[in-house]
Amino acid sequence: MLGRPEKKDDDAKTADIEDLDKMIDNARSFGGKKMTENDREIIKAYLKGFYDNKNQGK
């Protein structure tokens, strides 16, 4: 309405996933071992659930 592009929920979800990927990129597994792709997916799912629940309590 004000000449600004409308934000879609999909845009926010994509940004959220990108943020989680950045967080995981900067993390290490226990003992300094690199994470496997499976580790990344498990951690991403956990963090997404954690932040989704946290944001519902606003």
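User: How much accessible surface does the protein have, and what percentage of it belongs to carbon and sulfur atoms?
Analyst: This is a predicted model. The accessible surface of the protein comes to about 5,500 Å². The part that belongs to carbon and sulfur atoms is 53%.

User: What percentage of the residues count as buried?
Analyst: A residue is buried when its relative accessible area is under 20%. The protein has 58 residues. Of these, the buried part is 10%.

User: How many helices and how many strands are there?
Analyst: No strands turn up in this protein. Helices do, and α2 is one of them, at residues 37-56. The count is zero strands and two helices.

User: What distance does helix α2 reach from its first C-alpha to its last?
Analyst: Helix α2 has 20 residues. At 1.5 Å a residue, 28 Å is expected. The model comes close to that, with a reach of 29 Å.

User: Which residues of α2 are buried, and what arc do they cover around the axis?
Analyst: The buried residues of α2 are R40, K44 and L47. They lie on the same side of α2, because the arc they cover around the axis is only 75°.

User: Which residues are exposed on the other side of α2?
Analyst: R40, K44 and L47 are the buried residues of this helix. Turn to the other side of α2 for the exposed ones. They are N38, I42, A45, Y46, N53 and Q56.

User: Is K44 buried or exposed?
Analyst: K44 sits in helix α2. Its relative accessibility is 14%. The cut-off for buried is under 20%. So K44 counts as buried.

User: Which side chain does K44 meet in a salt bridge of 2.8 Å?
Analyst: The structure holds four salt bridges. In this one, N to O is 2.8 Å. K44 lies in α2 and its partner in α1 (residues 9-25), so the pair ties together parts that are 23 residues apart in sequence.

User: How many residues apart are R40 and D25?
Analyst: The side chains of R40 and D25 meet in a salt bridge of 2.9 Å, N to O. The pair links distant parts of the chain, with R40 in helix α2 and D25 in helix α1. R40 is buried at 17% relative accessible area, whereas D25 is exposed at 51%.

User: About how many helical turns separate E41 and K44?
Analyst: The side chains of E41 and K44 meet in a salt bridge of 3.7 Å, N to O. Residues three or four places apart point the same way, because an α-helix has 3.6 residues a turn. E41 and K44 are three residues apart in helix α2, so their separation is about one helical turn.

User: Which residues are linked in a network of salt bridges?
Analyst: The linked residues are D21, E41 and K44.

User: Which helix gives the largest share of the nonpolar patch?
Analyst: M23, Y46, F50 and Y51 make a nonpolar surface patch of about 410 Å². Y51 is partly exposed, with a relative accessible area of 32%. Y51 has its place in α2. The largest share, three residues, comes from α2.

Note on methods
Residues are numbered from 1 along each chain as its sequence is written. This is a predicted model: local features need pLDDT of at least 70, side-chain atom pairs count only at pLDDT 80 or more; totals for chains, interfaces and linings use all residues. Side-chain values use heavy atoms; hydrogens and water are left out. Helices (H or I, at least four residues) and strands (E, at least two) are DSSP runs, numbered from the N terminus. Buried means under 20% relative accessible area, exposed over 50%, partly exposed in between (1.4 Å probe, protein chains only). Accessible areas come from the Shrake-Rupley method with a 1.4 Å probe; for residues, only the protein chains shown count as cover. The expected span of a helix is 1.5 Å times one less than its number of residues. The arc is that of the directions from the helix axis to the C-beta atoms. Patches are made of residues with over 30% relative accessible area and no salt bridge: like charges are joined within 9 Å, nonpolar side chains (Val, Leu, Ile, Met, Phe, Trp, Tyr) within 5 Å.
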